[in-house]
Amino acid sequence: MSIFPDAPPRPTLRRAALLLLPALLAAAGARADTVSFKVTDQGGRPLIDAVVLAVPAKPAPPPRAARVAIEQKDRDFLPFVTAVQVGTAVTFPNKDPMLHHVYSFSPAKVFEIKLNATESPSVLFDKPGPVALGCNIHDWMEAYIYVAPTPYFARTDAQGNARLTVPAGAYSLEAWHPYQTGAPPPAAQVSVAGSRSQAFTLPVSVPQRKPKPPHDPKQYGG
Ligand SMILES: [Cu+2]
């Protein structure tokens with residue numbers, strides 16, 4: 001009870017919370033626009049390491065200042081597939097006691113980091129498209145970067161699933177896999193409002209990967 005009987009009643013905390021509720025619900029609704037992807041191969045098997053994208057019809061927001069690193073560890077690249085937005089710088093830290101020599105001849109980014117001993121200089125990925133990485137010293141080392149023209153991308157898990165949260169609007173939904181063959185499936189032009197799901201079937205052929213030999217300090221640069 002107010003000690004000033006003539007003063008107008010002040011809203012209680014509970015009343016304030018009730019007033020806030022519609023705004024909170026609206027904010028939650030804005031966050032709930034999700035696209036659930038399922039990516040399989042032509043035999044219906046789930047595809048891990050596919051990149052799914054939602055490319056907005058209106059200009060995409062610029063990349064966030066993300067620290068993206070692809071390590072060389074135990075004579076392999078980690079991770080195998082990385083997606084970044086156009087305009088992102090990536091470093092290639094060497095976590096191994098031996099040298100690596102990272103290169104790409106892909107049109108989206110040609111570069112090499114010769115005899116990378118520790119922390120590499122960063123490489124700016126400024127054009128969209130796939131980039132295949134190799135190591136000049138270790139033939140079997142292989143990894144991929146997908147440079148996306150959008151901040152909305154994800155990588156599928158072992159069940160071929162990935163989920164994106166995007167602002168409501170018009171999008172081109174796409175999928176890519178490093179081992180896809182032939183033409184990729186056409187992009188799906190959709191309007192996202194609320195949740196929706198999108199399935200892609202990618203024609204893939206998993207190549208026989210070069211075997212990783214046992215570690216021999218006298219070979220392959222130590
Ligand atoms: Cu190497």
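**View 1. Arg75 lies in the loop between strand S4 (71-73) and S5.** The model shown in this and every other view is predicted, so local features are described only where pLDDT is at least 70 and side-chain atom pairs count only at pLDDT 80 or more, whereas totals for chains, interfaces and linings use all residues. Residues are numbered from 1 along each chain as its sequence is written. Helices (DSSP runs of H or I, at least four residues) and strands (runs of E, at least two) are numbered from the N terminus. Although Arg75 is not a glycine, its phi is positive, at about 60°. Arg75 is partly exposed, with 18 other C-beta atoms within 10 Å; here a residue is buried if 20 or more other C-beta atoms, placed from the backbone, lie within 10 Å of its own, exposed if 12 or fewer, and partly exposed in between.

**View 2. A cis peptide bond joins Leu78 and Pro79.** The omega angle of this bond is about -5°, and Pro79 is placed in the loop between strand S5 (76-78) and S6.

**View 3. Asp49 occupies the loop between S1 and strand S2 (51-56).** Phi of Asp49 is near 65°, which is a positive value in a residue other than glycine. With 18 other C-beta atoms within 10 Å, Asp49 is partly exposed.

View 4. In soluble globular proteins, nonpolar side chains tend to be buried together. Six of the seven residues of S12 are buried, so this strand is largely enclosed by the rest of the structure. Once its neighbours within four places in sequence are left aside, Val51 is in contact (C-beta atoms, placed from the backbone, within 7 Å) with Val81, Ala83, Tyr146, Phe153, Arg155 and Trp176.

**View 5. Strand S12 pairs with S11 in the antiparallel sense and with S6 in the parallel sense.** Two strands are taken to pair if DSSP finds at least two bridges between them. Six bridges link strand S11 (residues 129-135) to S12, and Pro130 has Tyr146 of S12 as its bridge partner; a hairpin joins S11 to S12 through six residues. Strand S6 (residues 81-85) is paired with S12 over five bridges, among them the one between Gln85 and Ala148.

**View 6. Strands S14, S1 and S17 form, in that order, an open sheet with mixed pairing.** The edge strands, each pairing on one side only, are strand S14 (161-165) and strand S17 (195-202). On average, neighbouring strands of this sheet are turned by 20° against each other, direction ignored; axes are lines fitted to C-alpha atoms (for helices, over the stretch in contact), and angles between N-to-C directions run from 0 to 180 degrees. Strand S1 (residues 34-41) and S17 run parallel and are joined by eight bridges, and the bridge partner of Val35 in S17 is Arg196.

**View 7. A second open sheet of mixed pairing has the strand order S3-S7-S10.** Strand S3 (68-69) and strand S10 (123-125) stand at the edges, each with a single partner strand, so one side of each is left without a neighbour in the sheet. Strand S7 (residues 88-91) and S10 run antiparallel, joined by three bridges, and Thr88 has Phe125 of S10 as its bridge partner.

**View 8. Ser191 lies in strand S16 (residues 188-192).** Ser191 is exposed, with 10 other C-beta atoms within 10 Å. Although Ser191 and Ala170 are 21 residues apart along the chain, their C-alpha atoms are separated by 4.3 Å.

**View 9. Helix H1 (residues 13-31) has the lowest mean pLDDT among the elements of the protein chain, at 48.** The pLDDT is the predictor's confidence in each residue, from 0 to 100, and its highest mean for an element, 98, belongs to strand S13 (residues 153-155). Over residues 1-5 the pLDDT is below 50, and beyond near neighbours in sequence this stretch has one contact in the model. Residues 21-31 likewise stay under 50, with one contact beyond four places in sequence. For the protein chain, the mean pLDDT is 86, and 83% of the residues reach 70 or more.

Notes
Contact = placed C-beta atoms within 7 Å.
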